[in-house]
Amino acid sequence: MKKVAIVTDSNSGITQEEGRRLGVSVLPMPFSIDGETYFEGINLSQEEFYDRLLKDATISTSQPSPESVMELWNRLLKDADEVVHIPMSSGLSGSCQTAVMLAEEYDGRVQVVNNQRISVTQYQSVLDALTLRGRGLDAAEIREVLERVKMESSIYIMVDTLKYLKKGGRITPAVAALGMLLRLKPVLQIQGERLDTFSKARTIAQAKSIMITALKSDIEKRFGGLDGERVWLEIAHTRNEEQALALKEELLAALPGYTEVHISPLSLSVSCHIGPGSLAVACSKKLD
């Protein structure tokens, strides 16, 4: 059986420490903050990031350099036969396509998974890859399974403030001004590679209700039932752990067949575009 190494990036929400525990290599995503370069989980913590964000620092994201990606692959391939690389969604970053092109130089030994996942659903893809590796699948077989089930997940995100969507050019100043005046809480949806507006709410309670109802509908209609055996449940947040824990209780109350919910902070690459205070609910269909 071939020895397969698993690689992801910090957009998965997997920290360097957790990566070491899982046996997964985590590429840190680079950030430019007021002209200086930082790397998520290396010299930029969640606390430091939000402190700078709230002070209106100029923050932009980029993708790992080709040199850093290939250096990691080359190091892993000294001991492993193959590498499965699971980057963030190709619809949200160019890092996936860059990795696909770089992998062409490795004669099939590096398989890049283009399954349009981000944050907690990307995290679940990594866990699924570990499970598939444990079943004896090689790198190409793992990639094929993960890409085949790429649409079998959903994410709904409540944005607490429109400030950062406006700052990043995602919405116009006029739309932002009207939304702030009406105190709107947009609910965004990620299914596949698209990030779309799903609904609007006036309060956090209403936004949470919208997200839970939408997720429950997906589980029932798209993923086969509410018996607790079909999907993994996930919650993510941007510096909003207290509300995330409260949301967990509401989610479990709405889905009595389920008992477990994975909670983690949203990756900083997402956080810099939506700001603090956000909440997300998600699900990923369990492997057959």
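Biologist: Are Trp73 and Tyr106 buried or exposed?

Modeller: In this predicted model, Trp73 is buried and Tyr106 is buried too, where buried means under 20% relative accessible area, exposed over 50% and partly exposed in between, with a 1.4 Å probe and protein chains only. Residues are numbered from 1 along each chain as its sequence is written, and side-chain values use heavy atoms, with hydrogens and water left out. Local features need pLDDT of at least 70 and side-chain atom pairs count only at pLDDT 80 or more, while totals for chains, interfaces and linings use all residues.

Biologist: How many aromatic pairs are there?

Modeller: The count is four aromatic pairs, taking rings of Phe, Tyr and Trp (its six-membered ring) whose centres lie within 6.5 Å, with planes under 30 degrees apart called stacked, over 60 edge-to-face and the rest tilted. Trp73 and Tyr106 form an edge-to-face pair, 5.4 Å centre to centre with 90° between the planes.

Biologist: And where do those two sit in the chain?

Modeller: Trp73 is in helix 3 and Tyr106 in the loop between helix 4 and strand 7 (110-112), 33 residues apart; helices (H or I, at least four residues) and strands (E, at least two) are DSSP runs numbered from the N terminus.

Biologist: Which residues make the contact of helix 3 with helix 4?

Modeller: Pro66, Val69, Met70 and Trp73 of helix 3 meet Thr98, Ala99, Leu102 and Ala103 of helix 4, contact being heavy atoms within 4.5 Å.

Biologist: Other topic: which residues do ring pairs link into a cluster?

Modeller: Phe31, Phe49 and Tyr50 are linked into a cluster by ring pairs.
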